[in-house]
Amino acid sequence: MEPTGITPADVVAVARHDARVELTEAAYAVMARSRGIVDTIEASGRPVYGVSTGFGALANTSIAPERRAELQHALIRSHAAGIGAPMPREVVRAMMLLRVRSLAMGLSGVRPVLAQGLVDLLNNNITPWVPEHGSLGASGDLAPLAHCALVLLGEGWVLGKDGARMSAADALHSARLEPLELAAKEGLALINGTDGMLAMLLLAIEDAGHLFAMADVTAALAIEAMLGSERPFLPELHSIRPHPGQADSAANIHRLLQDSAIMDSHRDDLAHAVQDAYSMRCAPQVAGAARDTLEFVRTTAARELRSVVDNPVVLADGRVESTGNFHGAPLGFAADFLAIAAAEVGAIAERRVDRLLDVTRNRELPPFLAPDAGVNSGLMIAQYTAAGIVAENRRLANPASVDSLPTSGMQEDHVSMGWAGAKKLRTVLDNLTSLLAVELLAGVRGIQLRAPLTPSPAGREAVAAVGGFAGEPGPDVFLAPVLEQAREVVAGRGLRGAIESSVGLLR
């Protein structure tokens, strides 16, 4: 890792694929130079926040030199005050990597051994137990980062291989790692930053990009199954409203509907509907707006990856200055915006599912896509499930970032709630995966019921992927396992890859 930072792909590689982390000599050098400034200031005896004073509302309390190391250890222990279920391993690994990134930029005044300690945890597959509740996104993610830092001291908990909680001291001993002793400012530098919320946001960006492409796939399947029109997706109709995400989504859907005997069967039928319902015709307008929102979020996250979010910071000219860069408002807003967008992508997908199942609107498909409706209910209750998830996503789309509460004796009198925003965004995206899984299954069922007409290449790939575990339309089956496997297809890259091999890369 260089002092210049890392990329979103690096974060995903370490968090999800256990990529190895190494600090460069340049990173070591800038950290050592920064630490030298802190040592000089400490020797001079002048008061500096977090070096020779207390924290937060205790910033005016002077700390004697012989107690400053004790201050840093006490800070970590007291701030590791989270509660609740542990955060997922991938989030904690991303959070630790991002803290290494921040320290390695050389403006935090810490010894290189501190960043190397976090690197050793990552490379030895030691994941701190970080409870889900504790951060307000105020001075960054204080409690979650303190739970990570506590493990460096040989204290606290880590996640065992079976997901159970185990002693950090035992984990370090097994990996032949020694606990660290903190020096002045180092405890503060380990916990003051936006790394937790940025970690979740970067992972969410990765997931949302894939899911928005899959939303175009499932929309095209539903439109094909319902004998919809491809004309609303012509490029000339989107060039006159030049939102880039809309144009990309429309181009995807138009391409996915080509070379289909099902589409050919009604293209010149005068009785065919002049205009499809909004959930079909306006699919690119909704999914495209979500894509544009995602692009804004990517830009925000990329800026944060280049940012120093510690407090105070040690400038190259020797000054130590307090900042507000730890405040999570930019990330909190971004997470809330993306949650709103993702919730709507799921909501319009559920409307297409409902239309596919309704015999009065699905253009001669059987009720609930059950060939022997009455005795069989088909996908009736799958749509109930989708409707319940849409309702939950609407609740989760309420912004967390407007819900500030003052803390620390009114010193921290406005907080971002960015951690909460990013955490609920991950839930919204998980829910979107389920909604697209229901639409995938419904679209495939509808296409199967159009036989002997053959579908588009994308439709054929989807039928092959889903038919392998869902079979052909027929008597009712235990549906939950089918939906779980459809979720895996949506979340995975196999079906998308097969479709792109047939029709070209999706935008």
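A residue is called buried under 20% relative accessible area, exposed over 50%, and partly exposed in between (1.4 Å probe, protein chains only). The model is predicted, so local features need pLDDT of at least 70 and side-chain atom pairs count only at pLDDT 80 or more, while totals for chains, interfaces and linings use all residues. Residues are numbered from 1 along each chain as its sequence is written, and side-chain values use heavy atoms, with hydrogens and water left out.

The protein contains 20 helices and 6 strands, where helices (H or I, at least four residues) and strands (E, at least two) are DSSP runs numbered from the N terminus. Of its 507 residues, 55% count as buried.

The structure holds 27 salt bridges, each defined as a side-chain nitrogen of Lys or Arg within 4 Å of a carboxyl oxygen of Asp or Glu. In one of them, Arg361 pairs with Asp358, with the closest N and O atoms 2.7 Å apart. Arg361 is partly exposed, because its relative accessible area is 26%; Asp358, at 23%, is also partly exposed. Through shared partners, salt bridges join Glu350, Arg351, Asp354, Asp358 and Arg361 into one network.

A salt bridge also forms between Glu439 and Arg352, with 2.5 Å between the closest N and O atoms. This pair links distant parts of the chain, with Glu439 in helix 17 (residues 418–448) and Arg352 in helix 15 (residues 329–357), 87 residues apart. Both Glu439 and Arg352 are buried.
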